[in-house]
Amino acid sequence: MEKKKNYSMHKMMFLSVVYFLSAFMLLSVSVYAWFIITNTNHTHLISNITDVEAEYEFYVYQNKLHDGSENLTLENNVCTDLGQDLCYKFIPNPTTAYMMEQSIAPGERFSFAVKVVALGNSESYFNLSLGGVQSFGYDLPQNRIQNAFWYEVTKISYIINDEETTDYKENEPIAYSNGYFNKELNHIYPLVSNIPIFIDQSLSASIIVYFDFYFDPTIYGSDFDFVPYTNSNIFINQAFTV
């Protein structure tokens, strides 16, 4: 009986996994080390949700200084006006390409949030992964712009009875990952996994995952003999997709 119960649980977890794969974000990077960028680069977002009874919302943090979000909450922190700064902008249809015009330079950080609302009442778990990572315009594999980008989970919270909880990311069985996009094209980067859809017997809980992309200024690339460069100029005019 116990074996059958464990099998059912594993099967249920498998069927309830949510994958945000394929093209997630395009950063067309024009970088001149520490100098001000005049070129415009575009960020495209395409995401999808499968094999789970849930709805989701995607948010991009609006920050003209590009230093990321420190106010990790959606409560009273969603943009209400066009051009508003220091707030999370709701993307109404993230299954189509989304363009975000901004300049990219080393040291800048970009923040995002995904809110998932379960429609069913069965016990299930939420996973979020990144994939399809690819760079364009580099001369050597060690000089791909994606190598300089760090992804990081900053908070995992729930909304219960219209109130957002504190950070749950250290709570078991939840697991999360941070790292660089330095693997090959077919590599999948797990971001979060095993997040229970429901907690405390609540059937109205929503999950919010906050995460950042950070352009690490200490990553320079190297020459053919793997001798490190001393600046980020190798990344000029490269493109980066996730």
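Strand S3 and strand S4 (residues 87–91) pair in the antiparallel sense over five bridges. In this predicted model, S3 is also joined to S6 by seven bridges, again in an antiparallel run. The chain holds one helix and 15 strands, and 48% of its 242 residues count as buried.

- Val60 has Lys89 as its bridge partner in S4.
- On the S6 side, Tyr59 stands opposite Ala113.
- S3 is mostly covered, with seven of its nine residues buried.
- The loop between S3 and S4 contains Asn76, a residue other than glycine whose phi is positive, near 55°.
- Asn76 has a relative accessible area of 80%, which is over the 50% cut-off, so Asn76 counts as exposed.

**Chain totals**

- Of the contacts between residues at least 6 apart in sequence, 76% join residues at least 24 apart.
- The chain has an accessible surface of about 12700 Å², and carbon and sulfur atoms account for 53% of that area.

**The open sheet S7-S13-S11**

- Three strands make up an open sheet with the order S7-S13-S11 and antiparallel pairing.
- S7 (125–130) and S11 (175–176) are the edge strands; each has a single partner strand, so one side of each is left without a neighbour in the sheet.
- S11 is joined to S13 (residues 189–196) by two bridges, and the two strands run antiparallel.
- Ala175 has Ser193 as its bridge partner in S13.

**Nonpolar cores**

- The largest nonpolar core contains 42 residues, and Phe126, Phe181, Ile195, Phe211 and Phe213 have the most contacts inside it.
- Two or more residues of this core come from each of S3 (54–62), S6 (109–118), S7, S9 (149–160), S13 and S14 (206–215).
- S9 contributes the most, with six residues.
- A second, separate core has nine residues, among them Tyr88, Ala113, Ile159 and Tyr210.
- In soluble globular proteins, nonpolar side chains tend to be buried together.
- Leaving aside residues up to four places away in sequence, Ile195 touches Ser124, Tyr125, Phe126, Ile156, Tyr158, Ile174, Ile207 and Val209.

**Aromatic pairs and a charge over a ring**

- The count of aromatic pairs comes to 15.
- The ring centres of Tyr158 and Tyr168 are 5.1 Å apart with the planes at 75°; the angle is over 60 degrees, so the pair is edge-to-face.
- Tyr158 belongs to S9 and Tyr168 to the loop between S10 (163–164) and S11, so this pair ties together parts that are 10 residues apart in sequence.
- Both Tyr158 and Tyr168 are buried.
- Phe211 and Phe213 form a tilted pair, with 6.1 Å from centre to centre and 55° between the planes.
- Phe211 has a relative accessible area of 0% and is buried; Phe213, at 0% relative accessibility, also counts as buried.
- Ring pairs link Phe58, Phe112, Tyr151, Phe181, Tyr189, Phe211 and Phe213 into a cluster.
- Lys169 places its charged end over the ring of Tyr176, at 5.7 Å from the ring centre.

**Ser206**

- Ser206 is located in strand S14.
- The relative accessible area of Ser206 is 7%, under the 20% cut-off, so Ser206 is buried.
- Apart from residues up to four places away in sequence, Ser206 touches Lys115, Val116, Val117, Ser157, Tyr158 and Ile159.
- Ser206 and Asn161 are separated by 45 residues in sequence and by 9.7 Å in space, C-alpha to C-alpha.

**Backbone details in other loops**

- The Glu172 to Pro173 peptide bond is cis, with omega near 5°.
- Pro173 lies in the loop between S10 and S11.
- Phe226, a residue other than glycine, has a positive phi near 65°.
- Phe226 is in the loop between S14 and S15 (239–241).
- With a relative accessible area of 58%, Phe226 is exposed.

Conventions: Residues numbered from 1 in each chain as written. Predicted model: local features only at pLDDT ≥ 70, side-chain atom pairs only at ≥ 80, totals over all residues. Heavy atoms only, no water. Helix = DSSP H or I, 4+ residues; strand = E, 2+ residues; numbered from the N terminus. Buried < 20%, exposed > 50% of the residue type's maximum accessible area, 1.4 Å probe, protein only. Contact = heavy atoms within 4.5 Å. Areas by Shrake-Rupley, 256 points an atom, 1.4 Å probe, with all protein chains shown as cover. Pairing = 2+ DSSP bridges. Core = buried A, V, L, I, M, F, W, Y, C linked by side-chain atoms within 4.5 Å. Phe/Tyr/Trp six-rings, centres within 6.5 Å; stacked < 30°, edge-to-face > 60°. Lys NZ or Arg CZ within 6 Å of the ring centre and 35° of its normal.
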